[in-house]
Amino acid sequence: MQEIYLDHAATTPVHPEVLEAMLPYYRELHGNPSSMHRFGQRTRHIVDEARSVIARCLGAAPGEVIFTSGGTEADNMALLGVMEANRDRGKHLITSQIEHHAVLHTCKRLEAIGYEVTYLPVDETGRVSIEDVEQAIRPDTVLISIMFGNNEVGTLQHVGKIGKIAQDRGIYFHTDAVQAFGIEDVDVKRLHIDLLSVSAHKINGPKGIGALYVRRGIKIEPHLYGGNQEKKRRAGTENVPGIAGFARAAELAEETREERRAQYEKLRTVMLDTWKEQGIDYVVNGHPELYMPHILNVSFPGMKTDAMLMHLDLAGIAAASGSACTSGSLEISHVLRAMHLPPERLESAIRFSFGYGNTVEQVREAAGRIARILSRKDG
Ligand SMILES: *Cc1c(COP(=O)(O)O)cnc(C)c1O
């Protein structure tokens, strides 16, 4: 049985060209970028090059890109670093109820040390309302952090509009673009973004490397102390192979963005059409138009998520619930809960996420296997 991987929102395989780009830094090029000698100069060169590549993909300047250990660290750094460095401006932060835990749990930490957080609700499609953002702003609001596109349901937010509001009110705007990077146009200048998080392993890069864009002039307190790396904003010897791989992955993602978007749209259609033809009962969760095409969250009323995931795994299909599995029991996702979906949809939601390498044949095959699981459920 052919295994079919439809969980690219969790992580993606490393692209062969990315691996090629990394290998020299595991073999001959081992110098520390901080060293004066030629060994160091060679690796410093790739770190500089990679920074320019990532900056170009974001419409930023190289000096505005800080390498981190991934999306989680970038989110932590944005929230903790900006709130702490701007304590004189206030202690209030606005976010949403559907953020990734890298943002939500950092907000919990901020609350525990005396900051105040407003968690904005979303509608049934997973969108934050602009009016709610405006109304939540207080004189002591320092930062708004609203994700670009949601990792569970794919819904896109009004990022440009929120950025403009924040700019007009003199508030910083951070967005977690980990899922959107490589799928959407994430131009930080056009969208008035002050801080933005990205991660390599969601775009066919290696795990353990990511970046935070910080607009020039924004004060941010470091959270790792040590050497002078990343202009003293993030100490620690650079993950040189990871940085080289991240840059190659970002280049490939940018070059192929339009064709991959079209491919993912096609795969969605194939999936849904196959189910329609087979008379499968399903509901798509998320926004009908404003979504990232690689994420497809559906509920199969009457088939519980955990049972379905088990059937899928037996059928060789990798998908996800989007919710955290704690000690074997599935917790209902905070995202779907915030969308106030009816209980039968909450309890039966599955996230399929497409990526580089998924073909129409694979997805048609997967949709057929899923239809067979669902049609035998009552028998
Ligand atoms: C995966 C993900 C993260 C975490 O990134 P890591 O690099 O795995 O730490 C943060 N936010 C979103 C939206 C994600 O999908």
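R42 lies over the face of F39, 5.4 Å from the ring centre, and R268 takes up such a place over Y291, at 3.9 Å from the ring centre. A charge counts as sitting over a ring if NZ of Lys or CZ of Arg is within 6 Å of the ring centre and within 35 degrees of the ring normal. These contacts belong to a predicted model, in which local features need pLDDT of at least 70 and side-chain atom pairs count only at pLDDT 80 or more, while totals for chains, interfaces and linings use all residues. Residues are numbered from 1 along each chain as its sequence is written, and side-chain values use heavy atoms, with hydrogens and water left out.

**Aromatic pairs**

- Rings of Phe, Tyr and Trp (its six-membered ring) pair if their centres lie within 6.5 Å; planes under 30 degrees apart count as stacked, over 60 as edge-to-face and the rest as tilted.
- By this rule there are four aromatic pairs. One of them joins W275 and F300 edge-to-face, with 5.1 Å from centre to centre and 85 degrees between the planes.
- W275 belongs to helix 8 (residues 257–277) and F300 to the loop between strand 10 (295–299) and helix 9 (305–314), so this pair ties together parts that are 25 residues apart in sequence.
- Both W275 and F300 are buried (under 20% relative accessible area, with exposed meaning over 50% and partly exposed in between; 1.4 Å probe, protein chains only).
- Ring pairs also link W275, Y282, F300 and F352 into a cluster.

- Helices (H or I, at least four residues) and strands (E, at least two) are DSSP runs, numbered from the N terminus; two strands pair if DSSP finds at least two bridges between them.
- An open sheet with antiparallel pairing has three strands in the order 9-10-14.
- Strand 9 (283–285) and strand 14 (349–353) are at the edges with a single partner strand each, so one side of each is left without a neighbour in the sheet.
- From one strand to the next, the twist averages 35 degrees.
- Strands 9 and 10 run antiparallel and are joined by three bridges; N285 stands opposite N297 in strand 10.
- Contact means heavy atoms within 4.5 Å; axes are lines fitted to C-alpha atoms, for helices over the stretch in contact, and angles run from 0 to 180 degrees between N-to-C directions.

- Seven strands make up an open sheet of mixed pairing, in the order 2-8-7-6-5-3-4.
- Its edge strands are strand 2 (65–68) and strand 4 (116–120), each pairing on one side only, and the twist averages 20 degrees from one strand to the next.
- Strand 3 (residues 92–96) and strand 5 (residues 141–145) run parallel, joined by three bridges; I94 has I144 in strand 5 as its bridge partner.
- R87 is found in the loop between helix 3 (71–85) and strand 3. At 55% relative accessibility, R87 counts as exposed.
- R87 and Y115 are 28 residues apart along the chain, and their C-alpha atoms are separated by 9.4 Å.

**The chain overall**

- The chain has twelve helices and 14 strands, and 58% of its 379 residues count as buried.
- Its C-alpha atoms fill a box of roughly 70 × 55 × 40 Å along the principal axes.
- Among contacts between residues at least 6 apart in sequence, 74% join residues at least 24 apart.
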